[in-house]
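I opened the model to look up strand pairing and helix packing. My entries follow the structure.

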Amino acid sequence: MSKSKFFKVFTGLAISTMLLAACNSEGAGSSNDGEKGEKDASDIEVVFIPKMTGNAFFESGNDGAQEMAEKIGFNVKYDGAPEGTVANQVQIINSAVNSGADAIAISSVSSDGLNQALQKALDAGIKVVTWDSDVDPKYRSAYINQGTPDILGAMLVDMAAEQLENPDEPQQVAWFYSSPTVPDQNSWVDYAEKYIAEKYPNWEIATKQFGEGNEQVSLQKGESILDTYPDIDVIICPDSTALPAMAQAAQNKGLNKEDVVITGFASPNSMRQYIENETIENHGLWDVKDQGALAVYIAYHLAQGNELKVGGTIDVPELGEVKVEPNTVQGYDYEAEDSGIIILPERIVFTKENTNDYDF
Amino acid sequence: MLKKIPKWNLVLLTTLLAEIIIFGLINPRFWNIKILLNSFNDFVGIAIIAFFVTFVIITGGIDISGGSIIGLTSVVTGLLSQVYGMNMWGAALLAVLAGGLCGLLNGVLIAYTRVQAMVITLGGMLLYSGIALVLVGMSGASTYEGISGFSQGFINLANGKIWSIPHSVIIFVVMLLIAYVLLHWTRYGRYIYLTGINQNSAEYSGINTRKIITSTYVLSGLSAGIAGIILTSYLGSSRADFGAEYLMPILTAVVLGGTLITGGKGGVVGTALASIIIGFLKLGLQMGGVQTQYIGLATGMLLIISVAFMGGQKFKVNVRRLLNFKKDREVI
């Protein structure tokens, strides 16, 4: 009974597929015919991919990207999924390839899970740029980096040291960030510890705690740090969830910046209240709007047919001249003429004076 | 009862054709057969599990652990082949069997303790993803990076092509055929329906319903294992969080495919059509310029509307009643 019906449906499908194939005689093809040279700006579409949507950090990156696109006249499509998973990002890359985008600028959730999809994008003639979080350098032209581990590690230590009356005296220091497995935060902390050993040899690392990027866990861990180490002098949180949670924990215990120095990386919107009620003195981040703008501009620049040259410079409207560094500055072995790292020109330390100038 | 199903399949087929026409008009690249076939890669895992979850749901149960079995399979494959240096295909086979074992655990607990399937598979879901995380820890790779470095042969399993037909399409068709034959052509399949329609009377008529129920979970676990291997090959890396977001898409494909969530009625052809509809919907909306984060909205609406219409006559009556109710209130 259902046998014949199955075949009816099956033949139906087969016929419609064939019809489709016939319609498609022109064969749009998935390559951009390898065109070179100047293209009209309005013909160029850059797909701007965050790790996930609905997160203040990435939304601000998109604001910057859209402003840049409007200024120059090219198109930026913001495309991300609410859950930052490899499968979702792969599908978004595929859809960029399918819909004929010219370039993508992606903040990757995995250092190797996107390789196949990116290879297909490259084969289709799409330019690939990463920002915020990198992939294997073989699969992208440029990585728009917020700062090398050296820059950011030193920045963390300096932000803490400048609050201390006498930073050369012995200090109890705690690290508090998302997890022992997250590559970028660990690389900053590794360098920061080297920097401390050189510059402030009297500092002692009392503990390292992890908040798993979860607000509740982070708040509990933050409180337990204050309970377990009542003599702690400095707590450094290079994680956008750990830092506000730590400040909240200190506030819950009635502590302020005179009692314990808390600093780290988080967006100004999430920290403004703690700066204003003097729970903390300062914290830092890079301007993610600039990072988004730079990422889509570089992607656009490459899509126009320009070559990326390591060691060369690119003139970016509003942001000035940026230099293309070799991959080795981030510790990669892979080196190629057309694959490099562009470091964001500046990072910001937020204090009471300037925090209201930023909205992200 | 069974006669109604093909009618629903016809509705699904019309929806599919309408989708292809409409999205093609919006973006003509959608009519590129290559793009359509390649898009199977993005939902073949969901479809394969959905075929066999259809079995489970027909018996009146539910299996929500499929997504986390994917993660576990993926990690087992990576661990055995990359860390312990086993033969790639042997490792893949063992990993699929591990998926089947998870299904067996689910099935035995559900069939022999008669605890609600939802509760057992929810526990299974947490258990299997937990084991996957522990195993990644054992491998020495960070959970953030996963295990990579698979051979090109394995990568080709999902990424390759035969006569310009992607492997994922072939796997989709083969799995559909297996599921179809099992469910619609064999005595075993008939027993599944009978168990779902009335477990007690099936038992009285000499069917070992416990075995039937257990076996459907084993099949569902095995299929999740296969999906895990395909996903690992497709993404070229093994991670514990693969498949984490597959729970809802799997159930959506089954329910939209016309399988009754209370059991006893349904079929795999509907599930297959529904997974293609959902896959193409996602593709079409993305190609039409809709941001991925809003696509859940469209899938949700499609599901609600279609399930409401599946009620047929009843739906019309109820809508009329609902509208009248509103009128009455306005009068008051």
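I take two strands as paired if DSSP finds at least two bridges between them. Helices (H or I, at least four residues) and strands (E, at least two) are DSSP runs, numbered from the N terminus. This is a predicted model, in which local features need pLDDT of at least 70, side-chain atom pairs count only at pLDDT 80 or more, and totals for chains, interfaces and linings use all residues. Residues are numbered from 1 along each chain as its sequence is written, chains are lettered from A and ligands numbered from 1 in the order in which they are written, and side-chain values use heavy atoms, with hydrogens and water left out.

Entry 1, a sheet in chain A.
I looked up strand β6 (residues 171-177) of chain A and found three bridges, in the parallel sense, to strand β8 (residues 234-237) of chain A. A:Val173 has A:Val234 as its bridge partner in β8(A). The open sheet has four strands in the order β7-β6-β8-β9 (chain A), with parallel pairing. β7 (203-210) and β9 (261-264) of chain A are the edge strands, each pairing on one side only. From one strand to the next the twist averages 20°; axes are lines fitted to C-alpha atoms, for helices over the stretch in contact, and angles run from 0 to 180 degrees between N-to-C directions.

For contact I use heavy atoms within 4.5 Å. Helix α5 (residues 149-161) of chain A packs on the sheet and touches β6, β7, β8 and β9 of chain A. The direction of α5 makes about 155° with that of β9(A). Helix α7 (residues 215-228) of chain A lies across β6, β7 and β8 of chain A and runs at about 170° to β6(A).

Which strands pair with β3(A)? Strand β1 (residues 45-49) of chain A runs parallel to β3(A) and is joined to it by four bridges. Strand β4 (residues 127-131) of chain A also pairs with β3(A) in the parallel sense, over four bridges. A:Ala103 is the bridge partner of A:Val46, and A:Lys127 is the bridge partner of A:Ala103 in β4(A).
In a regular strand the side chains alternate between the two faces of the sheet. In β3 (residues 103-106) of chain A, A:Ala103 and A:Ala105 on one side and A:Ile104 and A:Ile106 on the other are all buried; buried means under 20% relative accessible area, exposed over 50%, partly exposed in between (1.4 Å probe, protein chains only).

I noted ten helices and 14 strands in chain A. Of its 360 residues, 54% count as buried. Among contacts between residues at least 6 apart in sequence, 71% join residues at least 24 apart.

Helix α3 (residues 40-58) of chain B packs with helix α8 (residues 167-185) of chain B at about 10°, the axes being 9 Å apart. That angle makes α3(B) roughly parallel to α8(B), since angles under 35 degrees count as roughly parallel, over 145 as roughly antiparallel, 65 to 115 as roughly perpendicular and the rest as oblique. The contact of α3(B) with α8(B) has 18 nonpolar, two polar and no charged residues. Ala, Val, Leu, Ile, Met, Phe, Trp, Tyr, Cys and Pro count as nonpolar, Asp, Glu, Lys and Arg as charged, and the others, Gly among them, as polar.
The axes of helix α7 (residues 152-159) of chain B and helix α11 (residues 209-235) of chain B cross at roughly 110° and come within 7 Å. This makes α7(B) roughly perpendicular to α11(B).
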